[in-house]
Amino acid sequence: MPFRELGLIPELVRAVADEGYTLPTPIQTESIPLALGGRDVIGSAQTGTGKTAAFVLPILQRLAQSPNHKLRALVLVPTRELCEQVLERARAYGKHLSLRSVAIYGGVGMEPQTTALARGVDLVVATPGRLLDHMERGHLNYSNLEILVLDEADRMLDMGFAPDVRRILDALPDQRQTMLFSATISNDVEALAHRAMQGHASVEIGRRASPADGIEHGIYALDKPAKRIALAQILKVHPHGRKLIFTRTKFGADKLVSYLRREGIRAAAMHGDKAQSTRMRTLDEFRDGTTNILVATDIAARGIDVDDIQMVINYDVPKDPEVYVHRVGRTARAGADGLALTLMSPDEWLLMADIEKLIGRTFPRDVVPGLEPSLAPLEPKAPEAPRPERSIRARSGMRRGRR
Ligand code: AMP
């Protein structure tokens, strides 16, 4: 679903297009319409999922209705870095609107912040401690406040900000919209949400996810240096059909594509550092079958609007279990069958366990479903590294997966 169908005003649709975003991420698709409708939202999402735009865009839309430079939206974040980041995003997405915003965080002088507040702002992005300092000096007037966001609520609590956040909550008008985002929704976060939302109807998004039934999952356990060798073999014995390979980083994607090309495998990388024209060409070639292997980062993969993908390969195990679900959801669309293969090194064992916990199933190990047992044993050619006790070794043969 394109951004314009989420109910955003043209100024914001234009701003996200300027950023080069083609499609909203899942958390954006879910939370933007709800937030625009005034609902309280609890979102489970980590950095990298596009959560900032998920709350910033609805805030800007509401502020744009009457940009009067009175404080109407407050975003609380745990760190100075995040504070700057959220402000930078708010300014980028709000570039076609006439709104004022300021970042309030500690470790720098109070004065410029005091001046900005006195001049009048529509949006404040703040860390709790410094915000309280300003509150105690009477620099903040919350009588017009309409929206509060608690971003990275779990980190805020871990960093001991609970008492500060409670004091801030007590100072805000009860009639407001509240959104809370957190990578994990622990009991403490739930308690904070309960207090912040005062029993308002809230919707939880992004918490539970389950992949489609038609997907067959397989985990291949092997040491890190063997991953690329195994991948090349899988691609060679499975030459047909579109494949989407996920890496955690842009650099990792480029490195992998270079390796595959050296191995004689035609593949292309898709990520945010590629020029728009290159990305479009790569996508066209993926669509028309010139290249049937694409190596992408999670964010870049959102823009790949190609349904007919037979195999998703996780070259890195994602850190967020829900990302696994989103990744493998690229295959087996519309009732088709698909294969989701994960290359897992010993240090990724616990991440995989989290994924299996979320999905509520364990996946077969050392089985590459759908591959013939006689085809190329996956014996690592890389030098043997010393292995920890618990290390999981690659098998030398393959069995046919359970169908
Ligand atoms: P966040 O999870 O908010 O930290 O966002 C992670 C990165 O994704 C940021 O660099 C954003 O600019 C980028 N981003 C956010 N939404 C999208 C989107 N719909 N399409 C592509 N990139 C996005």
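I245 stands opposite V295, which sits in β11. The two strands here are β9, residues 243–246, and β11, residues 293–296. They pair in the parallel sense, over four bridges. A word on terms: two strands pair if DSSP finds at least two bridges between them. Strands are DSSP runs of E, at least two residues; helices are runs of H or I, at least four residues; both are numbered from the N terminus.

This is a predicted model, so local features need pLDDT of at least 70, side-chain atom pairs count only at pLDDT 80 or more, and totals for chains, interfaces and linings use all residues. Residues are numbered from 1 along each chain as its sequence is written, and side-chain values use heavy atoms, with hydrogens and water left out.

Now the sheet around that pair. Six strands form an open sheet, in the order β8-β13-β12-β9-β11-β10, with parallel pairing. At the edges are β8 (215–221) and β10 (268–270), each pairing on one side only. From one strand to the next, the twist averages 20°.

Two helices come next. Helix α11, residues 250–262, packs on the sheet and touches β9, β10 and β11. Contact means heavy atoms within 4.5 Å. The direction of α11 makes about 170° with that of β10. Helix α12, residues 276–288, lies across β9, β10 and β11, and runs at about 125° to β10. For these angles, axes are lines fitted to C-alpha atoms, for helices over the stretch in contact, and values run from 0 to 180 degrees between N-to-C directions.

Between β9 and α11 there is a loop, and T247 is in it. Is T247 buried or exposed? It counts as buried, because its relative accessibility is 1%. The cut-offs: buried is under 20% relative accessible area, exposed is over 50%, partly exposed is in between, with a 1.4 Å probe and protein chains only. The side chain of T247 reaches the backbone oxygen of T249 at 3.0 Å. That is a polar contact: a pair of N or O atoms within 3.5 Å; within protein, one must be able to donate a hydrogen and the other to accept it, and residues adjacent in sequence count only if both atoms are side-chain atoms. Leaving out residues up to four places away in sequence, T247 touches a list that includes G252, V295, D316 and R327.

So what about R327? R327 is in helix α14, residues 321–328. R327 counts as buried, because its relative accessibility is 1%. A polar atom of its side chain lies 2.9 Å from the backbone oxygen of D316. Not counting residues up to four places away in sequence, R327 touches F246, T247, R248, D298, V312, N314, D316 and P318.

On to another set of strands. Strand β4, residues 123–126, is covered on both faces. L123 and V125 are on one side, V124 and A126 on the other, and all are buried. β4 pairs with β2 in the parallel sense, over four bridges. There, L74 stands opposite V124. Four bridges also join β4 to β3, residues 101–104, and these two run parallel. The bridge partner of A103 is V125 in β4.

Next, the ligand. Which residues are closest? They are Y21, L23, G48, G50 and T52, out of 14 residues that surround the ligand. A residue is near a molecule if one of its heavy atoms lies within 4 Å of it. A polar side-chain atom of Y21 lies 2.4 Å from a ligand oxygen. For T52, an N or O atom of the side chain is 2.5 Å from an oxygen atom of the ligand. Q28 has a polar side-chain atom 2.8 Å from a ligand nitrogen. The ligand on its own has 500 Å² of accessible area, and the protein covers 79% of that. Accessible areas come from the Shrake-Rupley method with a 1.4 Å probe; for residues, only the protein chains shown count as cover.

Two backbone points. H69 is not a glycine, yet has a positive phi of about 60°. H69 is in the loop between α3 (51–64) and β2 (73–76). E152 is not a glycine either, and its phi is positive, about 50°. E152 lies in the loop between β5 (147–150) and α7 (153–158).

Last, the whole chain. It has 15 helices and 13 strands. Of its 403 residues, 53% count as buried.
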